[in-house]
Amino acid sequence: MRDRTFVAVLAAFSLTVALLFLASWACIRILSGVRAYVGGEGLYSKAQKNAVYFLALYVQTGNETWYSSFEKSLRVPEGDDAARLELERPHPDWRIVRQGFIAGGNNPDDIDDLIFIFRRLRNTPYVNA
């Protein structure tokens, strides 16, 4: 009888530890993904502002360098848009998603966390906004 109690307590303790490890892994993954999204939002916003600035300079000066800078700035929102549209599909092409996030200026090491956040937390108010 005493052995059964010990085994039951040990099993409960082991299950608790395993669930804590799982919860810790999920929290780390979510926090890393949120950090990457915040950084990506900054890159997106800066690229939009730069695009407007470079286009205005091109209109004023007619210098083709400003127009090429304008086009380069547009690659960030276009890349993020391509990645998001591909992630919306039921069976996304992961190569397109990765290329889109990289074109958006995101660190390649963060792409898995960005995908994790989008796929699993897509319908939460903070991510869906």
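A search of the whole structure finds 8 salt bridges. A salt bridge here is a side-chain nitrogen of Lys or Arg within 4 Å of a carboxyl oxygen of Asp or Glu. Side chains of opposite charge can pair when their charged atoms come close. This is a predicted model: local features need pLDDT of at least 70, side-chain atom pairs count only at pLDDT 80 or more, and totals for chains, interfaces and linings use all residues. Residues are numbered from 1 along each chain as its sequence is written, and side-chain values use heavy atoms, with hydrogens and water left out.

Start with the overall plan. The chain has 5 helices and 0 strands. From the N terminus, the order of elements is α-α-α-α-α. Helices (H or I, at least four residues) and strands (E, at least two) are DSSP runs, numbered from the N terminus.

Next comes the outline. The C-alpha trace spans about 90 × 25 × 25 Å along its principal axes. The radius of gyration of the chain is 22 Å, while a compact globule of 129 residues would have one near 14 Å. That radius is taken over C-alpha atoms, and the globule rule is 2.2 Å times the number of residues to the power 0.38.

How much of the chain is buried? Of its 129 residues, 24% count as buried. Buried means under 20% relative accessible area, exposed means over 50%, and partly exposed lies in between (1.4 Å probe, protein chains only). The chain exposes about 9,300 Å², and carbon and sulfur atoms supply 63% of that area. Accessible areas come from the Shrake-Rupley method with a 1.4 Å probe; for residues, only the protein chains shown count as cover.

Contacts tell another part of the story. A contact means heavy atoms within 4.5 Å. Take the contacts between residues at least 6 apart in sequence: 55% of them join residues at least 24 apart.

Now look at the charges. The chain has 15 positive and 14 negative charges, and their mean positions are 6 Å apart. Lys and Arg count as positive, Asp and Glu as negative; His and the chain ends are not counted. Each charge is placed at NZ of Lys, CZ of Arg, CG of Asp or CD of Glu.

Which parts of the chain does the pair Asp113 and Arg29 link? First, the bridge itself: the closest N and O atoms of Asp113 and Arg29 are 2.7 Å apart. The pair links distant parts of the chain. Asp113 sits in helix α4 (residues 111-121), Arg29 in helix α1 (residues 2-61), and 84 residues separate them. Asp113 counts as buried because its relative accessibility is 11%.

A second bridge joins Arg98 and Asp112, with the closest N and O atoms 2.4 Å apart. Arg98 belongs to helix α3 (residues 94-103) and Asp112 to helix α4, so the pair ties together parts that are 14 residues apart in sequence. Arg98, at 33% relative accessibility, is partly exposed. Asp112 is partly exposed too, at 38%.

Glu88 and Arg84 meet in a salt bridge of 4.0 Å, N to O. Both lie in helix α2 (residues 64-88), 4 residues apart, about one turn of the helix. Glu88 is partly exposed at 38% relative accessibility, and Arg84 is partly exposed at 35%. The two also belong to a network of salt bridges that links Asp81, Arg84, Glu88 and Arg122.

Asp80 makes a contrast. This residue of helix α2 is buried yet has no salt bridge. The nearest side chain of opposite charge is Arg84, 9.1 Å away. Leaving aside neighbours within four places in sequence, Asp80 is in contact with Gly40, Tyr44, Gly100, Phe101, Gly104 and Asn106.

Val97 is found in helix α3. Why does Val97 count as buried? Its relative accessibility is 0%. Beyond neighbours within four places in sequence, Val97 is in contact with Ala83, Glu86, Leu87, Pro92 and Ile115. Val97 and Cys27 are 70 residues apart in sequence, and their C-alpha atoms are 23 Å apart.

Phe70 lies in helix α2. Phe70 is buried, with a relative accessible area of 14%. Not counting residues up to four places away in sequence, Phe70 touches Ala51, Phe54 and Leu55. From Phe70 to Ala8 the C-alpha distance is 66 Å, and the two are 62 residues apart in sequence.
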